[in-house]
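Please read these notes alongside the sequence and the coordinates. They cover confidence, the sheet, the helices and the pocket.

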Amino acid sequence: MGTYSFIVDVEAPQELVFDLWVNLDRIQEWMEGRPRVSDVTGPTNRAGTEYTLWFGRLPSRTKVLDAERPRHTRTRIQSRMLSAETDTTFAAMGDSATRLTETLRSHGMIAAVVARIFATGSYKGSFRGELQAFKRMCEREAREHGSQSAGEHR
């Protein structure tokens, strides 16, 4: 089992950052591999919702285990390459900034190796690289739309 934590400070309000994080319609803007989404069973800001992220032909089933808007979400990811849980917190830093902390806990030897590869470095497809792309998207959205929230999305 491997555990990796990543922290990024985002110049955008907590509600906006949370709402963009759970917005599956926007995931291609920041997640590498141009994932597509299918089989969504409900809103991704609610525990119990499941969905599949497709990276090419590789499906990754995700279940929301816990969600508390705008502070926290926890998910379980299952694929041939990675079995893990993510725990993501969104801490307000004043009115217009958010500290996003994501912790990934992999399960099993192969998953631990895969997680280490994606956790190391800051290249575009790494966890750090994707968080930086997410940060840029949030900050752009905050500048373009002021401090309004992105609204609740599925």
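**Notes on the model**

1. The protein chain averages a pLDDT of 85, and 82% of the residues score at least 70. Over residues 149-154 the pLDDT is below 50, yet beyond near neighbours in sequence this stretch has 23 contacts in the model (contact: heavy atoms within 4.5 Å).

2. On conventions: this is a predicted model, in which local features need pLDDT of at least 70, side-chain atom pairs count only at pLDDT 80 or more, and totals for chains, interfaces and linings use all residues. Residues are numbered from 1 along each chain as its sequence is written, and side-chain values use heavy atoms, with hydrogens and water left out.

3. The open sheet has seven strands in the order β1-β7-β6-β5-β4-β3-β2, with antiparallel pairing (two strands pair if DSSP finds at least two bridges between them). At its edges are β1 (3-10) and β2 (36-38), each pairing on one side only. Neighbouring strands are turned by 25° against each other on average, direction ignored; axes are lines fitted to C-alpha atoms, for helices over the stretch in contact, and angles run from 0 to 180 degrees between N-to-C directions.

4. Three bridges join β2 to β3, and Val 37 has Leu 53 as its bridge partner in β3. Six bridges pair β3 with β4, where Glu 50 stands opposite Lys 63. The hairpin of β3 and β4 has two residues between the strands, and Gly 56 takes a positive phi near 65° there.

5. Helix α1 (residues 14-21) packs on the sheet, touching β1, β4 (58-68), β5, β6 and β7 (98-106). Helix α3 (residues 127-145) lies across β1 and β7, at about 25° to β1.

6. The largest pocket holds about 760 Å³ of space. A pocket is an open set of points on a 1 Å grid over the protein atoms alone, where a 1.4 Å probe fits, with protein on both sides within 12 Å along at least five of seven lines; lining residues have an atom within 4 Å of a point. The volume is the space filled by probe spheres set on the points, which are joined across faces, edges and corners. Of the 32 lining residues, Met 31, Leu 53, Phe 55, Ile 77 and Phe 127 are the closest to the centre.

Conventions:
Helix = DSSP H or I, 4+ residues; strand = E, 2+ residues; numbered from the N terminus. pLDDT = per-residue confidence, 0-100.
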